[in-house]
Amino acid sequence: MMQNDWAYLEKYALENQQLLKQLNDGIRIVFIGDSITEFWERFDLVFFSQNNYINRGISGQTTSQIFERFQSDVIDLQPKCVIILAGINDIAENNGPISLEKIMENIIKMVEKSLKNSIEVLLCSILPANSFYWNPKIQPIEKIKQLNQMIEAYCILKQLDFVDYYTEMVDENLGLDKKYTDDGVHPNLEGYLKMKAILETHIK
């Protein structure tokens with residue numbers, strides 16, 4: 001990885017070039033986000049391969065980094081639809097402190113860029129978490145709830161489809177239900193199957 005490739009634009013550059021050489025059937029769907037998106041394909045490869053879904057998740061990334069590569073990893077691929085799941089690493093302060101307003105602003109920029117290019121948007125709630133094992137000083141519960149409320153309100157305002165993973169995956173401690181995770185943040189296979197069930201009602 002290039003030292004100065006902050007948004008990791010190189011990661012999918014080759015795959016994107018290959019895709020652009022193929023005939024676009026007009027039904028491409030791109031998933032963009034962080035590790036929760038990136039690892040989904042590892043746990044449920046068939047879900048992606050049989051539907052020709054395009055995974056553009058990069059582990060550890062914040063909304064600022066995802067927006068930075070949004071043109072090359074989403075817009076240029078001319079998908080029919082993009083599924084955006086981002087924000088948890090901002091709350092974990094992976095690139096330092098950031099306000100909820102600024103996170104939301106980054107998400108809105110992704111949505112507006114998509115709509116301007118006639119790409120449908122499915123905007124997802126971030127998953128519950130009551131702590132981050134890599135940054136234990138952060139207390140994320142309230143921020144996650146607030147950010148999800150902001151995302152949902154924006155979806156209502158813009159008449160976008162809101163994919164609510166949070167409500168069906170949260171436990172009584174306002175974390176990710178233990179049956180869906182092994183580390184409290186990332187879904188396990190059970191978690192991804194749950195997400196698939198929730199998402200498919202929106203994709204159909």
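The second largest pocket has a volume of about 170 Å³. Some terms come first. On a 1 Å grid over the protein atoms alone, a pocket is an open set of points with protein on both sides within 12 Å along at least five of seven lines, and a lining residue has an atom within 4 Å of a point. Grid points are joined across faces, edges and corners, and a volume is the space filled by probe spheres set on the points. Rolling a probe the size of a water molecule over the atoms shows where empty space is left.

This is a predicted model: local features need pLDDT of at least 70, side-chain atom pairs count only at pLDDT 80 or more, and totals for chains, interfaces and linings use all residues. Residues are numbered from 1 along each chain as its sequence is written, and side-chain values use heavy atoms, with hydrogens and water left out.

Which residues line the second largest pocket? They are Ile27, Ile29, Lys80, Cys81, Leu115, Glu120, Val121, Leu122, Asp161, His202 and Ile203. Strand 4 (120-124) and helix 11 (189-203) are the elements that give two or more residues to this lining. Strand 4 supplies the largest share, 3 residues. Helices (H or I, at least four residues) and strands (E, at least two) are DSSP runs, numbered from the N terminus. By class, the lining has 7 nonpolar, 1 polar and 3 charged residues. Here Ala, Val, Leu, Ile, Met, Phe, Trp, Tyr, Cys and Pro count as nonpolar, Asp, Glu, Lys and Arg as charged, and the others, Gly among them, as polar.

Now take the largest pocket. It holds about 200 Å³ of space. Its lining includes Leu19, Gln22, Asp25, Arg28 and Tyr53. By class, the largest pocket is lined by 6 nonpolar, 3 polar and 2 charged residues.

Ile203 lies in helix 11. Is Ile203 buried or partly exposed? Ile203 counts as partly exposed because its relative accessible area is 23%. Buried means under 20% relative accessible area, exposed over 50%, and partly exposed in between (1.4 Å probe, protein chains only). Leaving aside neighbours within four places in sequence, Ile203 is in contact with Ile29, Tyr53, Ile83 and Leu122. Contact means heavy atoms within 4.5 Å.

Two strands pair if DSSP finds at least two bridges between them. Strands of a sheet pair through backbone hydrogen bonds, either parallel or antiparallel.

Follow the pairs across. Strand 1 and strand 2 run parallel, joined by 4 bridges. In strand 2, Ile54 is the bridge partner of Val30, and Gly57 is the bridge partner of Gly33. Strand 1 and strand 3 are joined by 5 bridges and also run parallel. Ile32 stands opposite Ile84 in strand 3. Between strand 3 (residues 81-85) and strand 4 there are 4 bridges, again parallel. Ile84 stands opposite Leu123 in strand 4.

Finish in the loops. Most residues other than glycine have a negative phi. Gln159, not a glycine, has a positive phi of about 55 degrees. Gln159 sits in the loop between helix 9 (141-158) and strand 5. Gln159 counts as exposed because its relative accessibility is 74%. Leu174 also has a positive phi, near 60 degrees. Leu174 is in the loop between helix 10 and helix 11. At 29% relative accessibility, Leu174 counts as partly exposed.

How values were computed. On a 1 Å grid over the protein atoms alone, a cavity is a set of points where a 1.4 Å probe fits but cannot get out, and a pocket is an open set with protein on both sides within 12 Å along at least five of seven lines; lining residues have an atom within 4 Å of a point.
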